[in-house]
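Hi,

Here is the structure for you to look over. My notes follow below it.

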Amino acid sequence: MTAVTGTASQTPAQLAAALFNDGLGNQWTLIIGYTVSVKALGGAEGGNLSSAIQAALNSMGGGVLSLDVTSGSMSSPVTSTDNKTSIEGLGIDATSITSIGALDDMFIFTTSSTGSNLNPSGGLKSMTINGLGTVKRCVKTSSTSFGGFDQLKVRGATEDNLRYIRYYS
């Protein structure tokens, strides 16, 4: 914990990192490698989750980001460059994420040039993603070093619902 001189009571979505400021202005860091709730990061049931998801992905470095909502939306793409963080919904028919407006991609998975490809566990699991006909690609990955894309229902993209994802049986 470190004291900050900024605004008190800021959520991770407002700070664009896995940090939050309490009412006294103390700044707290989320623990890496555990399950973190999107609701704890400022994401609301039925609300726009883009900022909260991106804040977690910018800082987690492993573990599970739980999209513990039954519905939510995204107004901007989120990008994961860490192949050790998994984004997981409540279930394929229990969590539904839809786009707001025209986007090229909703979820982008790519590894940075300094990222490790050993023991990948990151990916996207247990949800429905709907581009509503305004998104080119719902899920895009430029790397095969992510652990899994499992139990997904993906629809509504104008080009590819899933791009560059390998399927293994």
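Which elements do the buried residues of α2 pack against? They pack against α1 (12-15), β5 (63-67), β6 (71-74), β7 (78-80) and β8 (85-89). Buried means under 20% relative accessible area, with a 1.4 Å probe and protein chains only. Helices (H or I, at least four residues) and strands (E, at least two) are DSSP runs, numbered from the N terminus.

Ground rules first. This is a predicted model, so local features need pLDDT of at least 70 and side-chain atom pairs count only at pLDDT 80 or more, while totals for chains, interfaces and linings use all residues. Residues are numbered from 1 along each chain as its sequence is written, and side-chain values use heavy atoms, with hydrogens and water left out.

Back to α2 (residues 50-59). Because 7 of its 10 residues are buried, the helix is largely enclosed by the rest of the structure. The buried ones are S50, A52, I53, Q54, A55, A56 and L57. Just after α2, G61 has a positive phi of about 70 degrees.

I53 is in contact (heavy atoms within 4.5 Å) with V38, L65, L67, V78 and I87, leaving aside neighbours within four places in sequence.

Next, the strands. They pair if DSSP finds at least two bridges between them. β11 (123-141) runs parallel to β8 over 3 bridges, and I87 stands opposite L124 there. Strand β9 (residues 96-99) is also parallel to β11, through 3 bridges, with S96 partnered by T128. β10 (103-109) joins β11 in parallel through 5 bridges, where I108 faces K140.

Best wishes

How values were computed:
Buried means under 20% relative accessible area, exposed over 50%, partly exposed in between (1.4 Å probe, protein chains only).
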